[in-house]
Amino acid sequence: MFTVLKGKDMKEEIQVGDINDLQVQNDEFEDLQETPKPQQEPLHAPQTSHSRPDSELFLAPKDMVTLPSLGKVYPVGTALHNVEQVEVRHLTAADEDILTSRSLLRTGKAIDSLLSNCLVDKSIKPEELLSGDKNAILTYLRVSGYGPEYDVEISCPGCGEDVKHSFDMSTLEMNPLELEPVVVGENRFEFQLPSGDNVTFKFLNSLEERQISEAQEKIKKATNSPIDKNITTRLKHQIVSVNGEADLGFISKYVDAMPVRDSRSFRKHLEVNDPDVIMKQDYTCNMCGVSQEVDIPITVSFFWPDAD
């Protein structure tokens with residue numbers, strides 16, 4: 001069984017790309033080719049007998065994957081309510097058809113299609129999964145499908161050199177959700193700001209993450225401004241109410257005028273409690289000798305190891 005351990009070591013202000021945001025740009029796979037087929041066996045290779053029925057020969061292995069949210073954020077009566085683990089089957093050659101589909105890659109739908117294929121419970125919709133839960137499943141699929149070694153180029157925090165490093169994805173830890181929702185089965189949590197105001201907030205699912213990215217792009221094009229407005233746009237999507245006021249217009253104005261102390265305190269609270277896979281590991285540079293924890297960058301080689 002793929003096990004994700006409990007752990008916390010989050011640092012403020014560090015941004016790490018989510019696995020579920022992985023999208024291949026139009027030109028990144030222009031030369032994508034099918035994986036070469038292994039050399040065929042001789043025509044007269046000896047026949048082997050199978051002890052299992054034919055119906056079992058073509059069943060991919062399955063495992064239970066722990067969800068960082070522990071199912072606390074999903075509505076009562078749904079398949080994920082208070083469910084701490086979901087059953088997921090291993091990747092197969094048929095799944096590689098999804099991962100190499102140009103149309104799915106260009107529209108950013110390959111990952112959700114892959115999840116739909118591999119989740120045993122078909123009532124679960126990938127876009128409604130909390131981002132951290134989705135990351136946990138995708139990490140499991142990567143490890144069980146391609147192995148734990150993830151070779152990727154990183155920039156040494158000491159000397160700045162770009163070096164190829166191999167991370168062991170099987171040892172990643174999990175930050176489980178320890179907060180309790182305001183109401184059982186609702187993705188609603190409370191936090192008091194240093195100023196004394198009380199905010200009700202939610203953790204985002206992958207659909208909402210995509211909507212935030214789209215909103216940021218629209219703002220940038222409409223204002224022709226070099227400012228991305230990443231912080232305020234995210235806060236406006238994540239805050240549900242302020243002192244009981246849930247009007248979206250009010251929340252938008254409140255966020256824009258939020259004191260920086262409140263903003264930083266709230267974002268730190270979100271970061272520490274965000275249920276997710278901790279995409280960090282220790283790294284030692286062979287060139288300068290610096291040794292410290294670094295963020296694991298998510299690139300196309302996560303699910304396409306030969307893309308480089």
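Contact here means heavy atoms within 4.5 Å, and helices (H or I, at least four residues) and strands (E, at least two) are DSSP runs, numbered from the N terminus. The structure is a predicted model, in which local features need pLDDT of at least 70 and side-chain atom pairs count only at pLDDT 80 or more, whereas totals for chains, interfaces and linings use all residues. Residues are numbered from 1 along each chain as its sequence is written, and side-chain values use heavy atoms, with hydrogens and water left out.

The protein contains 9 helices and 12 strands. Of its 308 residues, 41% are buried, where buried means under 20% relative accessible area, exposed over 50%, and partly exposed in between (1.4 Å probe, protein chains only). Among the contacts with a separation of 6 or more, 68% are accounted for by residues 24 or more positions apart.

Helix 4, which spans residues 110–118, has as its buried residues Ala 110, Ile 111, Asp 112, Leu 114, Leu 115 and Cys 118.

Strand 4 (residues 149–155) and strand 5 run antiparallel and are joined by 7 bridges, two strands being taken to pair if DSSP finds at least two bridges between them. Glu 149 is placed opposite Asp 168 of strand 5. The two strands form a hairpin with 6 residues between them, and Gly 160 in the turn has a positive phi of about 80°. In strand 5 (residues 162–168), Val 163, His 165 and Phe 167 make up a covered face, while Asp 162, Lys 164, Ser 166 and Asp 168 make up an uncovered one.

A further set of 3 strands forms an open sheet in the order 7-8-9, with antiparallel pairing. Strand 7 (189–192) and strand 9 (239–242) stand at the edges, each with a single partner strand, so that one side of each is left without a neighbour in the sheet. Neighbouring strands of this sheet are turned against each other by 25° on average, direction ignored. Strand 8 (residues 198–201) is joined to the antiparallel strand 9 by 3 bridges, and Val 199 stands opposite Val 242 of strand 9. Helix 7 (residues 230–238) packs on the sheet, where it touches strand 8 and strand 9, and its direction makes about 75° with that of strand 9; axes are lines fitted to C-alpha atoms, for helices over the stretch in contact, and angles run from 0 to 180 degrees between N-to-C directions.

Helix 7 also packs with two other helices. The axes of helix 6 and helix 7 come within 10 Å and cross at roughly 135°, which makes helix 6 oblique to helix 7, given that angles under 35 degrees count as roughly parallel, over 145 as roughly antiparallel, 65 to 115 as roughly perpendicular and the rest as oblique. This crossing is right-handed, a crossing being left-handed if the near helix is turned anticlockwise from the far one by less than a right angle, and right-handed if clockwise. Glu 209, Ile 212, Ala 215, Gln 216 and Ile 219 of helix 6 meet Asn 230, Thr 233, Arg 234 and His 237 of helix 7. By class, this contact has 3 nonpolar, 4 polar and 2 charged residues, where Ala, Val, Leu, Ile, Met, Phe, Trp, Tyr, Cys and Pro count as nonpolar, Asp, Glu, Lys and Arg as charged, and the others, Gly among them, as polar.

Helix 7 and helix 9 pack at an angle of about 65°, with their axes 12 Å apart, and are therefore roughly perpendicular to each other. Their crossing is left-handed. Ile 231, Leu 235 and Gln 238 of helix 7 make the contact with Ser 263, Phe 266, Arg 267 and Leu 270 of helix 9, and by class this contact has 4 nonpolar, 2 polar and 1 charged residues.

Ser 263, found in helix 9 (residues 260–273), is buried, with a relative accessible area of 9%. Not counting residues up to four places away in sequence, Ser 263 touches Ile 231, Leu 235 and Met 258. Asp 256, by contrast, lies in helix 8 (residues 248–256) and is exposed, with a relative accessible area of 51%. Leaving aside neighbours within four places in sequence, Asp 256 is in contact with Thr 232 and Lys 236, and the C-alpha atom of Asp 256 is separated by 9.5 Å from that of Leu 235, 21 residues apart along the chain.
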